[in-house]
Protein chains: 2
Amino acid sequence: MSAPPVQPSHALLQPLPLDRARLEEGFWGRLQTVSRSAVIPHAVEWMERLGWVANFDGAASGTRYEHRGREFADSEIYKIIEAISWERAHSGPSALDTIADDLIRRVAAAQEPDGYLHTLFGRPWQAPRYSDFTWGHELYCFGHLIQAAVAHHRAYGTRSLLDVAVRLADHVCVMFGPGGLNRVCGHAEIEVALVELFRTTGERRHLDQAALFIERRGTGTLPLIEFGRAFAQDDLPVREADVLRGHAVRALYLAAGAVDVAVETGDRELLDALRTQWDNTVARRTYITGGMGSHHMDEAFGEDHVLPPDRSYCETCAGVASIMFSWRLLLATGEPRYADLIERTLHNIVATSLGEDGRSFFYANTLHQRHPSDDVPLNDDGVCIRGGSGRRQAWYEVSCCPPNLARTLASLGGYLATTTSDGIQIHQYASSTIDAVVAGGPFELDVTTDYPRDGAVTITVRQAPARPASVTLRDPEWSAATRLSLNGEPAPMTLTRTWQVGDRLELTLDLRPRVVRPDHRVDAVRGCVAVRRGPEVLALESVDLPPSWALEDATLLPDTVAAEHGSVVATARHHRTGEDRAVPLIPYRSWARRGPSAMRVWIPEARG
Amino acid sequence: MSAPPVQPSHALLQPLPLDRARLEEGFWGRLQTVSRSAVIPHAVEWMERLGWVANFDGAASGTRYEHRGREFADSEIYKIIEAISWERAHSGPSALDTIADDLIRRVAAAQEPDGYLHTLFGRPWQAPRYSDFTWGHELYCFGHLIQAAVAHHRAYGTRSLLDVAVRLADHVCVMFGPGGLNRVCGHAEIEVALVELFRTTGERRHLDQAALFIERRGTGTLPLIEFGRAFAQDDLPVREADVLRGHAVRALYLAAGAVDVAVETGDRELLDALRTQWDNTVARRTYITGGMGSHHMDEAFGEDHVLPPDRSYCETCAGVASIMFSWRLLLATGEPRYADLIERTLHNIVATSLGEDGRSFFYANTLHQRHPSDDVPLNDDGVCIRGGSGRRQAWYEVSCCPPNLARTLASLGGYLATTTSDGIQIHQYASSTIDAVVAGGPFELDVTTDYPRDGAVTITVRQAPARPASVTLRDPEWSAATRLSLNGEPAPMTLTRTWQVGDRLELTLDLRPRVVRPDHRVDAVRGCVAVRRGPEVLALESVDLPPSWALEDATLLPDTVAAEHGSVVATARHHRTGEDRAVPLIPYRSWARRGPSAMRVWIPEARG
């Protein structure tokens, strides 16, 4: 049996290996299929075409080569290896295996004798190693290599990449350990990777190095840049901060790694600080979609309540990173709000970013597109050179999101459920099979649902443990009237009993649309309403308005919002003419799938 | 008699030389005094300290030197020479003259035999000349040198810098003329400079080169960058655009130069296009303060109605550039709305940026500061390395604004009035003397006022022409009840008569505070009101609230806004407690003068 993507040595809830929590056909299952069949090959094609993989061949050749792509191009190859590994973990052998083998061979050949591995630094014609902590992304790339190696080892059981990662990690421990360079990477990432490597190798030095990086961050070891010290979270020690700030992906990767360190070292103070940071960030610095980061300039969190929908950044990778942070807190504490945010982010960021063909992506996920997108700068390779865009793009100059989506979707089954010695906790609702082992023996559940289209979820016991065991279902924060029955009788959300094969839990979630009004301190959406339906945020898209209406002239009558034949409709009123029209509100994730359009999530409330 | 800063060969209104329109003690006179006594020496001190002036010494030495500052550091020295020249033009000889002499000597020594002059490019250890049109700012710097040379020649009557400028301009005509490099500078500026040089030298090739640059812009000769082709206005030919877009200062300098070209070449189509651009930009892309540019990332205009107050950029230099654009349109058309915007921008951008001591400046002028500023990144030299800041800073890494303020304030008298053959037009109200010559002979007016504190303006005829002449006063767009009398009798805003020495015009402008509501398409301020008083935009500053109130909890009862002893007060209501308090609304330009504070121009309207 393979190990799960995140495997704490001790946590309240135990994650399931990916071959124990498998998605079946359904909303999430389809996303995973698209990722496996399209995103992964698409990303490999682009990275070969642009020469990002060939950087490793150049490095291995020992002769001069022109490095292609940005400072962090290496990491995208690593993320794809990680994605293929998690695909293997739940679905077994496939043609992807040889792709991973080829990439790993080329990566391994580029490693230098002392363990260092980065294709942009250190050769005579390149900048020296460790000469640019602010933007160089060396340790960041190492982190992704280590994460890929852990995934590969857990999925394939071989050490071909793990040995490379251990040599690299050992190099890092020597260079940056006690008595070494007192520096951190401008982009956090290696911390979360080193802890997972420790969980694989059992080598304490890898955990110690992660803990040292966490403690060192916030002590001002990075040069001051235009965006300030907060950009790379170097303004305050992690344990002293009470909210996330600066570059969103950096902040969230750091927080995820810090939870891992806190869990492994039993550092309650650090864990409490991170929970506080999560609370304040979600309450004050998170969009209704779960999106994080409102600055385009520095891809950063704004101040509290600075959440403009039209300049929302909500980078796809920040969504991925937010899920990483929340998942680790869920395992550590068992509190359902972390699963709530994971669900919100999966439905409204991850699923929004991904084009239906698996070959196009949003880098940033705006909540308000004023006009159909007509200014997308593509370079001669057809690569989009800006993150913000009103259309999903095939590839970006900074193309962190496609591989990040791929590794997230490949490991999606892992977020469905956890176990304790006495039961199973179901956190996300998707057609799936949960195949756990509890104190009383194997405990297998079948989950079938058309969620999120429909609120009915049926859970059938396929194999029951010999002793009483519990099943705990998450009651989502948004469900005002959740109902559960066991074999037709009302039941509580946690049931402990002796289960029988064929026992049937029927859960009904309340998917009635809900009108939401913003906090009065969010200036950018004052006087507006949004509509949610289950985990979905809804949106008004220009293609659904009468041709003579501009999106900016449409206001909404909140009392008219209603469910109708599985979709949601409402009455829009023209700001100037007063004309009323029934309009559909579509899931936000579906916008811009019928061609370029204008769209808004927060809609001005009609007056009078 | 010296020439005015902008001297069209033919225009509806003729500008006055600076020694013919002199500011006296008063609001604007005091700003000019601060600039002369503090801003200019302060800027020279910083530019010497940071080595920006020494770059010229290095270039002149012929030996290797380390270039200090950014690509455009040369231009700041030129702007200060321009500022000193305009000071000289209205105030005569002073100690500043030797500063200008010294700077000009050092600049001139750095010119190369073929006329090229830039301290960052072309030497064996530097990047080659013209190797980076996107960011190199070579032609931009040339433009500022030419503007300084024109100012110096007009003020001092000598050719010490003008000869340098002509050699440089001739080099440009050879390099970039017909048959030369088909390129434009990433940052427009040389266009406006070359036209003014033509107006000084009469050399048609300088005008032709400016016209060629204007025509070439928008044909895609610049490399594509992340911010798109619109960033440097290379997306559309100037005459085809209907609104300003991209980097605000670039767009406005370009527009100013294009008006000059249109006027000198009699190109009505081009002039009409620019008038349309002005109309649409002011209607849809300009803040209530006159500020332009809502993106921090690319210092650029947003789309129509994207005017978030908390992420407003409103660069000080964009205010200066907006005044340049409007002034040229005012001269060409005589339409008072251009003077209205100049006034709005002077009072709310120029006057806001400048610290009272003349030694601190806002680079960006936000309309909403949520919390007192506590994150201002200063480098080891004490230089602020970011534009956006809630405090006025002594110097910036990109320190275009202090010299730009200095040259604007030095030439401020020039904006007060114009002449035609038969009269004087007064555009701005400030204590001053206007000393014109009309068809009937000398015509001298004395203007005394305590405006904008008070709405009374007295204009006394000190010298009268022999024949009937007109006096035209601007009736500001904001004044609901303007009154004018001549020697005690009601009079229209344009009077044509035979004037007598001692004739006395008494103008009363309506300074009652006005509550303003935003266009419904400006999402960021929906449900808010702003208050204006004359040309001033008012603001609510946190230091005027009860200590227990957060600025974000304060709402306003619009009906309570009232003038009281020369200031404006209103009732604020606490969003949660419902408590009411009388609060002062201060001129926006005065914010952050009592220490760091939170502030907002657009204030949520109290409910109920």
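This is a predicted model: local features need pLDDT of at least 70, side-chain atom pairs count only at pLDDT 80 or more; totals for chains, interfaces and linings use all residues.
Side-chain values use heavy atoms, without hydrogens and water.

**Exercise 1. Work out how many disulfides the rule gives over all chains.**

Step 1. Read the count: 0 disulfides over all chains. A:Cys141 is in none; its nearest cysteine sulfur belongs to A:Cys185, 8.0 Å away.

Step 2. Check burial (buried is under 20% relative accessible area, exposed over 50%, partly exposed in between, with a 1.4 Å probe and protein chains only). A:Cys141 is buried at 0%. A:Cys173 is buried too, at 14%.

**Exercise 2. Describe the interface of chain A and chain B by contacts and buried area.**

Step 1. Count contacts, meaning heavy atoms within 4.5 Å. On chain A 35 residues touch 35 residues of chain B.

Step 2. Take the buried area, the accessible area (1.4 Å probe) that two parts lose on being put together, summed over both. The two chains bury about 3,300 Å², 50% of it on carbon and sulfur atoms.

Step 3. A:Arg370, A:His520 and A:Arg526 supply 19% of the area that chain A buries against chain B, more than any other three residues.

**Exercise 3. Find the salt bridges across the interface of chain A and chain B.**

Step 1. Apply the rule: a side-chain nitrogen of Lys or Arg within 4 Å of a carboxyl oxygen of Asp or Glu.

Step 2. The rule finds 6 salt bridges across the interface. One of them joins A:Asp523 to B:Arg600, with the closest N and O atoms 2.4 Å apart.

**Exercise 4. Identify the relation between chain A and chain B.**

Step 1. Superpose the copies by least squares on the C-alpha atoms of residues with pLDDT of at least 70 in both.

Step 2. Compare the surfaces. Of the interface residues of chain A, 100% are also interface residues in chain B, so the copies meet through the same surface.

How values were computed
Residues are numbered from 1 along each chain as its sequence is written. Chains are lettered from A and ligands numbered from 1 in the order in which they are written. A disulfide is a pair of cysteine sulfur atoms within 2.5 Å.
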